[in-house]
Every structure is written in C-alpha cells, then in structure tokens.
Amino acid sequence: MTIMRLSARADYALRAAIELAAAQGGHVTADQLAHAQDIPGKFLETILTHLRRSGLVRSQRGPDGGFWLARPADEISLADIIRVIDGQLLGVRGERPENIVYTGAAEPLQRVWIALRASERAVLETVTLHDIACGKLPDSIQALADSPAAWA
C-alpha cells in the first residue's frame, strides 16, 4: 500500500532541479531541461516560474540565458522543492496533522499522521539535489533503500 503520492509537477520539478544541480553552476536552457528529462515544455515553464519565485532557481534571458540553482545543490533538499510545488509534505483533508482533532477510539490517529510526516521529513529533508546529482545517497537513506522490505 502506498500512502505518499508525489504529483507529476513535483516529480518534474525534482528532475529539472537535479539536472540543474548536475550542471554544477552552469546555466541550462528550458529546452535542454525538457529534453533531458522528457518534461512537457509548457509544464516545465510553469514549474521553473514557481522555483524562480521561491528563490531556489535563478534565470537570465537572452542568448547566454538559462536557469541555474540559486543556492549550492547541497543546500537544497528534496523537501524544499516539493514544498514549493505541492505545499506541505503531509496533509489530512488539506489540514496540517497537528490541526486535526479526532475523538473517541480514533484519537491516536493524529499521532500516526504526525509520525508519518516526521518519517517523510527524515528522508526528504536529508537528501539534497547534490546527493542525487552525484549518485551518492546519505548512508541512512541508502540503508532504507537497501532493505528488501522497501521494495515489497
């Protein structure tokens, strides 16, 4: 059973940002990003606009124009990108889990949602664009991914 769902926009945003990280400070055009990651151009334009407005990406127009990360890749987590595109990491009916109140036998459910969000954060805030672009995940994340249970 899968609980966390990543939107297509967040997936595309992550892939575009990783391409920018792999460029190591060099600029990359939107067309290059779209081609490298097979992202629809119009979709990518909207995503890059969100990333630029949030201060994660910078851009320049003109013949030498393109996009690049506004901060070093090792300072931008996957969670940073996802939050810009999709908002909070875990919501329950659009609310933050700490704002949801359950009564009766369901009362402990709030703590489950909070624990789930903490677990997501432990992964998504730990892994940076640099980690992905370099192909070297943090040891704790690699250990989770290497577990046979993770693949079942």
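Contact here means heavy atoms within 4.5 Å. Keep in mind that this is a predicted model.

Start by selecting L20. Leaving out residues up to four places away in sequence, L20 touches G25, V28, L33, V57, F67, W68 and L69.

Now widen the view to the largest nonpolar core, which has 33 residues. L20 is among those with the most contacts inside this core, along with L44, L51, L69, I81 and L129. Colour by element next: α1, α2 (30-37), α3, β2 (66-69) and α4 (78-86) each give two or more residues to the core. The largest share, nine residues, comes from α1. As background, nonpolar side chains in soluble globular proteins tend to be buried together.

To see who meets whom, select R9, Y12, A13 and A16 on the α1 side, then F43, L44, T46, I47, H50 and L51 on the α3 side. Sorted by class, that contact has seven nonpolar, two polar and one charged residues.

Last stop: which rings pair up, and how? A search of the whole structure finds one aromatic pair. The ring centres of Y12 and F43 sit 5.1 Å apart with planes at 80 degrees, so this pair is edge-to-face. Y12 in helix α1 and F43 in helix α3 are 31 residues apart, so to speak linking distant parts of the chain. Check the surface too: Y12 is buried, at 16% relative accessible area, while F43 counts as partly exposed at 30%.

Definitions and conventions. Residues numbered from 1 in each chain as written. Predicted model: local features only at pLDDT ≥ 70, side-chain atom pairs only at ≥ 80, totals over all residues. Heavy atoms only, no water. Helix = DSSP H or I, 4+ residues; strand = E, 2+ residues; numbered from the N terminus. Nonpolar A, V, L, I, M, F, W, Y, C, P; charged D, E, K, R; others polar. Phe/Tyr/Trp six-rings, centres within 6.5 Å; stacked < 30°, edge-to-face > 60°. Buried < 20%, exposed > 50% of the residue type's maximum accessible area, 1.4 Å probe, protein only. Core = buried A, V, L, I, M, F, W, Y, C linked by side-chain atoms within 4.5 Å.
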